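Good morning, everyone, and thank you for making the time. Please take a moment with the sequence and the model on the screen, and then I will walk you through a few places in it.

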Amino acid sequence: MFGQQNDKDTFADQFAELSSALKLPQRLRDVGISRTDLPLLAAEAMKQTRLLPNNPREVNYDDALYLYAQAW
């Protein structure tokens, strides 16, 4: 399994399977987050100055909103 080009995909798939097997909520809406809350979440994410500079790719508001929409 390790050493293959798709290790990250395999890990992500196994993590998703574990999460599902444990019956954990899979989406933001499953824990009561409204779609109308997503812009606020994205705006608040932009305030995380300790974490954002460590990301290998620059993340802006539109990126954060997209990610939250995908998770919703």
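This is a predicted model: local features need pLDDT of at least 70, side-chain atom pairs count only at pLDDT 80 or more; totals for chains, interfaces and linings use all residues.

Let me begin with S19, whose side chain makes a polar contact with the side chain of Q26 at 3.0 Å, a polar contact being a pair of N or O atoms within 3.5 Å, where within protein one must be able to donate a hydrogen and the other to accept it, and where residues adjacent in sequence count only if both atoms are side-chain atoms. Residues are numbered from 1 along each chain as its sequence is written, and side-chain values use heavy atoms, with hydrogens and water left out.

S19 lies in helix α1, residues 7–21, and helices here are DSSP runs of H or I with at least four residues, numbered from the N terminus. If we set aside its neighbours within four places in sequence, S19 is in contact with L24, P25 and Q26, contact meaning heavy atoms within 4.5 Å. Is S19 buried or exposed? S19 counts as buried because its relative accessibility is 15%, and buried means under 20% relative accessible area, exposed over 50%, and partly exposed in between, using a 1.4 Å probe and protein chains only.

Turning to the charged side chains, a search of the whole structure finds 3 salt bridges, each defined as a side-chain nitrogen of Lys or Arg within 4 Å of a carboxyl oxygen of Asp or Glu. One of them joins D30 and R27, with N to O at 3.0 Å; D30 is partly exposed at 36%, and R27 is partly exposed at 40%. Another links E44 to K47, whose closest N and O atoms are 2.9 Å apart, and here E44 is partly exposed at 34%, whereas K47 is exposed at 53%. R57 and D63 also meet in a salt bridge, at 3.9 Å from N to O, with R57 exposed at 58% and D63 partly exposed at 22%.

Finally, please look at V59, which sits in the loop between α2 (38–45) and α3 (61–71). Not counting residues up to four places away in sequence, V59 touches M46, L52 and A64, and V59 is partly exposed, with a relative accessible area of 24%. The C-alpha atoms of V59 and Q70, which are 11 residues apart along the chain, are separated by 15 Å.

How values were computed
Helices (H or I, at least four residues) and strands (E, at least two) are DSSP runs, numbered from the N terminus.
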